[in-house]
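Thanks for coming, everyone. I'll walk through one protein today, from its overall build down to single side chains. Here it is on the screen.

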Amino acid sequence: MRSRYAADIRLEGMQDHPVDLIDLRGDCANCFGLCCVALPFTASADFAMDKDAGTPCRNLQDDHRCGIHARLRQSGFSGCTVYDCFGAGQKVSQVTFAGKDWRTGSREDARRMFDVFPVVRQLQELLWYLTEALTLPAARPLHAELREIRETTEELTRRSPQELAELDVSAHRQEVNVLLLKTSELARAGVRGRKKNRRGADLMGARLKGADLRGANLRGAYLIAADLTGADLRGADLIGADLRDTDLTDADLTDAFFLTQPQLNAARGSAGTRLPGSVTRPVHWTARL
């Protein structure tokens, strides 16, 4: 049975090879709990304790599953419910290291696995954006370039541990971002009316209830705890926007693009929040804690 998160996106020129979004989402069943080991976290409102990079979380079980997965938020680990590796966990576990478990391998293998995981995670995130860019009709003039750089990015994710450790991800990200910027301009140009440019803006705690943000450039905007209740975000570019505790109750994000599941998981919303098809409504939006 396919995951409820699975979705096929058929790219131009690749009609016989649908891209399954499940490959760009974390699949814990095929991962060795890498996010629970490789990444550090600090005791805060998001995590109930300190943990060093390379040290297994105390809640990680021998089968690489989380012992408190069903009650993470109640146990003080809401940060875990926000995180998504974009499929890096299963790729590093099953492809880069060919199914070799860090628990049973050498210490050197474990160290290399933990070092490589964040690198592949960044590349997988870029694949998410590039895949979405290829679904935007307005970006058709860029589809050939987008396909090419997507293939290059995919190839990078499959390199050896040593090659991945030496990879300059920042340089590659900059190259990808040039095309994503052009994609954004084309996509937003089709939205009627005057479009706001709030790229990188400090909008923390801003009162934007019912705001008209159609086609807005909100790339990298700080929207922490902002009130976007009932706001119109149709066709807005949300790449890198910080949506922690942002109130999206009844907001309309139809056709908003470059929005990721981790961003949405960090926000607050309701059953009335309208979302693009690339993401799913977080369970905690309607569930009682």
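Start with one term: a contact means heavy atoms within 4.5 Å. Among contacts in the protein with a separation of 6 or more, 45% are between residues 24 or more positions apart.

Now the ground rules. This is a predicted model, where local features need pLDDT of at least 70 and side-chain atom pairs count only at pLDDT 80 or more, while totals for chains, interfaces and linings use all residues. Residues are numbered from 1 along each chain as its sequence is written, and side-chain values use heavy atoms, with hydrogens and water left out.

Overall build next. The protein has seven helices and two strands. These are DSSP runs, numbered from the N terminus: helices are H or I, at least four residues, and strands are E, at least two. Along the sequence the order is β-β-α-α-α-α-α-α-α. The C-alpha trace spans about 60 × 45 × 35 Å along its principal axes. Buried means under 20% relative accessible area, exposed means over 50%, and partly exposed is in between, with a 1.4 Å probe and protein chains only.

On to helix α6, residues 169-189. At 1.5 Å a residue, its 21 residues should span 30 Å, and the end C-alpha atoms are 30 Å apart, so the two agree. That expected span is 1.5 Å times one less than the number of residues. Asp 168 caps the N-terminal end of α6. One of its side-chain oxygens lies 3.4 Å from the backbone nitrogen of Ser 170. Buried residues in α6 include Val 169, His 172, Val 176 and Leu 179. Their cover includes α3 (107-133) and α4 (143-157).

Stay with α3. Arg 121 lies in this helix. Arg 121 counts as buried because its relative accessibility is 18%. What does its side chain reach? A polar atom there lies 2.8 Å from the backbone oxygen of Asp 84. Beyond its neighbours within four places in sequence, Arg 121 also contacts Tyr 83, Cys 85, Phe 86, Ala 88 and Pro 262, among others.

Also in α3 are Asp 109 and Arg 112, three residues apart, about one turn of the helix. Their side chains meet in a salt bridge, 3.6 Å from N to O. A salt bridge here is a side-chain nitrogen of Lys or Arg within 4 Å of a carboxyl oxygen of Asp or Glu. Asp 109 is at 15%, so it counts as buried. Arg 112 is at 29%, so it counts as partly exposed.

How many salt bridges are there in the whole structure? The search finds 18. Glu 154 pairs with Arg 158, closest N and O atoms 2.7 Å apart. Asp 212 and Arg 214 also have their closest N and O atoms 2.7 Å apart.

Last, the cores. A nonpolar core is a set of buried Ala, Val, Leu, Ile, Met, Phe, Trp, Tyr and Cys residues joined through side-chain atoms within 4.5 Å. The largest has 28 residues, and Leu 223, Leu 228, Leu 233, Leu 248 and Leu 253 have the most contacts inside it. A second, separate core of 22 residues includes Ala 88, Phe 114, Val 120 and Leu 123.

Methods. Polar contact = N/O pair within 3.5 Å; in protein donor to acceptor, adjacent residues only side chain to side chain.
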